[in-house]
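Reader: I would like to go through this structure feature by feature. Please give the general idea each time, then the case at hand.

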Amino acid sequence: MTTNRLSSLASAMTIAVVSFLVCILSQPAACTQESFYWLRTHIDLPESPVYPSQVLIEIHNPKPPKDTWYSVTIVSENRYSGVAALLGRAPRPSASANAPNEPLLYSWTPPFGGRYQVIVHELPQEPVGRVVTVPFPTEYFYVTNKPGFLGPWGLIIDRMKMLPPCQNVNRMDVYTAWDGSWIGPGMVSPEGTLRNGWFFLPSEQMDCKIETFHEEDFKLVHDQRGIYILGNSKERGIFLSLVDILLDDEEKNEIEDSVISKCWGRAFVQKYNLKVLYQDWRSNNFDTRSNISTVVCHNEKVAREGGPLFFDSGMKVWDEIFRGERATWPSVILMSTGNDIFGFESKTYDINQFVMRLPPDWRGTLFLTDGAFSARLAGRGYASDYEAYRARLNELTAITNDPRVRWLDGMGLSKEMRMYGEDGPEQTTISQHFHTSACNLPYRDANGNVKSMRICSNVTENIAQLLIGHALGSKAALRAKANELPPNSIRAPTQVMHCHNCPADLLPFHITPYPEMSCSVGPLHALASNEMAGEPQTCPEQCMEVEVKRKFGSQTDQIYERHCPYEFFPEGFQVGNQAMKKTRSIDDDIGFAGHLVWLFNAILLFTLLGYQHRAKLRSHVVKFLDPTRSNV
């Protein structure tokens, strides 16, 4: 902890003791019963361009941490959103054993002058379902720019112009400290602005900007690029933001009702020369510590294979990604490691087994996230815990030791946008639009045309733009390359193709190599009744008597996990049935008459080309008639 931080903490502790004595003398009941907070806005640091230089928030009478945590958000309407850091507990005068807990002490540093408000929520540690929370009464305060200092906003604009694109920075640790501020549409910046006007101002430690790409940029991509997301429902939000950025208004109009909006298997969307793919990847269930094969049950439903089998399925999909010609390999992969990074100490599985299987000649980027990328977990720990988390990220960067790998600071990614998510202050535990409820907000593109934004999440859109930048390179390099090519030489398909293999239920988990994909050409369409297949498998009643290995909350229920022996199940039982029904495929869209015309031309070509070319032509016929026969 720095000297300034220690002096600020010592000052805050002194204030807390005096404040508590004043409270006891003036409002003794308030000091000993319900939780409440005090705001301290008097701290002045000489080197700071604003006053106050630091704001302290004390939460008095906090409930026990085993049951409750507190969210402290600072907002300037349409200009700024940030989260206060939990420094620790402020000391209080000695009291009886029945006195409330010591106050919690939070700190926040203003980025620029203006009117701000503090919003405090009291939240359950283990929420089940959509928890509705009412914030404490809001308190407003003002931050002023000091005379004699250049206004900080001018410095911010100049800094954004000068920063290099993050994809051009070769430091492996560039994203292990995801510090910065979310600046709103009321503070316009020409650099890195998302479609709704917000932009991420990175810290001096990150020292790079996230470029934003649009349709005009995608048209300049001259060869095939791919962005693959291997994750769960949180990372699926990033995939949906990618789709929303890639498609036009008509093509994505039914995204909320389409099969890809909640896919528990595999889906991809392709337009121009960019392909974005999502693979359900419940890697927090990977476990190679035991060779004993079991069936894992979540309550009464079959969840997955026990022992190493589920991990083995993940490795097969990983190998599938890099099978085939190099031109088909993805440019970027974002993979959820599943665990809290400290969980790797228990060696449930070794992340390096994936890293070491990257082809030596792959020139892409592998992003790794962990369980800390979560709206529910954002900002819950002490500042010292966050520092330990970042130190662990740097350790893992050294362990993977591959210049193509970037670990992402999940805590930093998640913490800032609580009040500007999908549900706002009353549901702040899930406000970050990770599970995606589509919106329909207008915005203006670079040419001033009104467009529709269907996925409204600054967090997932910001990461989506980061991935696009790594897939395509910097905007300057992309445009320079396009200018070098002959006119009309970029062959980029403008029609959308989207394919999926999405089961009807989350359970059992579906990590399946080479799934049969159902494909369509044209706009996303509303989910048909027969487009998702399969039913959840049920565990025998005997399994309910097996010891509970762990329990945890989901969005809808409390989950009890049991590992059941295979002998409890019928002979020949297998977890999951991956044979999904094929519905609308490319064949269906081409039509029967189209096939007859194409077959007639193919037979004619056979005759003209001669016997020696028949084998080669036959492979093209097969590929056309069944376009789903392809790698990932």
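Author: Start with pairing: two strands pair if DSSP finds at least two bridges between them. Strands (E, at least two residues) and helices (H or I, at least four) are DSSP runs, numbered from the N terminus. In E25, Gln558 is the bridge partner of Gly553. The model is predicted: local features need pLDDT of at least 70, side-chain atom pairs count only at pLDDT 80 or more, and totals for chains, interfaces and linings use all residues. Residues are numbered from 1 along each chain as its sequence is written, and side-chain values use heavy atoms, with hydrogens and water left out.

Reader: How many bridges join E24 to E25, and in which direction do the strands run?

Author: There are 5 bridges between E24 and strand E25 (residues 558-565), and the two run antiparallel. Both belong to an open sheet of 4 strands, ordered E16-E15-E25-E24, with antiparallel pairing. Strand E16 (301-305) and strand E24 (548-553) are the edge strands, each pairing on one side only. On average, neighbouring strands of this sheet are turned by 30 degrees against each other, direction ignored; the axes are lines fitted to C-alpha atoms, for helices over the stretch in contact, and angles run from 0 to 180 degrees between N-to-C directions.

Reader: Which residue stands opposite Trp182 in E11?

Author: Phe200 in E11 stands opposite Trp182. E10 is joined to strand E11 (residues 199-202) by 4 bridges, running antiparallel. Strand E5 (residues 80-83) is joined to strand E10 (residues 180-183) by 2 bridges, also antiparallel. There, Ser81 stands opposite Trp182.

Reader: Next, burial. Which residues of helix H11 are buried?

Author: Buried means under 20% relative accessible area, exposed over 50%, and partly exposed in between (1.4 Å probe, protein chains only). In helix H11 (residues 475-484), the buried residues are Lys475, Leu478 and Ala482. They lie on the same side of H11 because they cover an arc of only 65 degrees around the axis, the arc being that of the directions from the helix axis to the C-beta atoms. Ala476, Asn483 and Glu484 are exposed, on the face turned away from the buried side of H11. Helix H4 (215-218) and helix H10 (458-472) are among what covers the buried residues of H11.

Reader: Is His510 buried or exposed?

Author: His510 counts as buried because its relative accessibility is 6%. His510 is found in the loop between strand E22 (497-501) and strand E23 (518-521). A polar atom of the His510 side chain lies 2.6 Å from the backbone oxygen of Pro508.

How values were computed. Polar contact = N/O pair within 3.5 Å; in protein donor to acceptor, adjacent residues only side chain to side chain. Contact = heavy atoms within 4.5 Å.
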